[in-house]
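Welcome, and thanks for taking a look at this one. Here is a short tour of some local features, grouped by topic.

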Amino acid sequence: LVIDIGSNDGVLLKEFKDKNMTTVGIEPSKEIAKESNKNGIKTYDEFLSLNLTNRIIKEHGHAKVITSNNVFFMNL
């Protein structure tokens, strides 16, 4: 299982899926998550939380790889 936090349209997860790996995206933008789901990448349209984490574990098991790119914001 590969999980991408802030998965956007699933472009990174698509590469893993193309190699027959199970993938899950977490993308709080509902429209982008909807598009990603339409393209075959299972994507949750919410922010990462303990409740979501527990749901993912229950539905998919524990992740072997977790990625997260450009998801932190600093207001200096």
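Contact here means that heavy atoms lie within 4.5 Å. Please keep in mind that this is a predicted model. The tour begins with a glutamate and its surroundings, then turns to backbone angles and rings.

**Glu27 and its surroundings**
- Glu27 sits in the loop that links β2 to α2 (30-38).
- Leaving aside residues up to four places away in sequence, Glu27 touches Gly6, Ser7, Asn8, Ile32, Ala33, Thr43, Tyr44, Asp45 and Glu46.
- Although Glu27 is buried, it has no salt bridge. The nearest side chain of opposite charge belongs to Lys30, 10 Å away, and a salt bridge needs a side-chain nitrogen of Lys or Arg within 4 Å of a carboxyl oxygen.
- A polar atom of the Glu27 side chain does lie 3.1 Å from the backbone nitrogen of Ser29.

- Asn8 belongs to the loop between β1 (2-5) and α1 (11-17), and its relative accessibility of 40% makes it partly exposed.
- Asn20 is not a glycine either, and its phi is also positive, near 65°.
- The loop between α1 and β2 (23-26) holds Asn20, which is exposed because its relative accessible area is 75%.

**Rings**
- How many aromatic pairs does the structure hold? The count is zero.

Methods
Residues are numbered from 1 along each chain as its sequence is written. This is a predicted model: local features need pLDDT of at least 70, side-chain atom pairs count only at pLDDT 80 or more; totals for chains, interfaces and linings use all residues. Side-chain values use heavy atoms; hydrogens and water are left out. Rings of Phe, Tyr and Trp (its six-membered ring) pair if their centres lie within 6.5 Å; planes under 30 degrees apart count as stacked, over 60 as edge-to-face and the rest as tilted. Helices (H or I, at least four residues) and strands (E, at least two) are DSSP runs, numbered from the N terminus. Buried means under 20% relative accessible area, exposed over 50%, partly exposed in between (1.4 Å probe, protein chains only). Lys and Arg count as positive and Asp and Glu as negative; His and the chain ends are not counted. A polar contact is a pair of N or O atoms within 3.5 Å; within protein, one must be able to donate a hydrogen and the other to accept it, and residues adjacent in sequence count only if both atoms are side-chain atoms.
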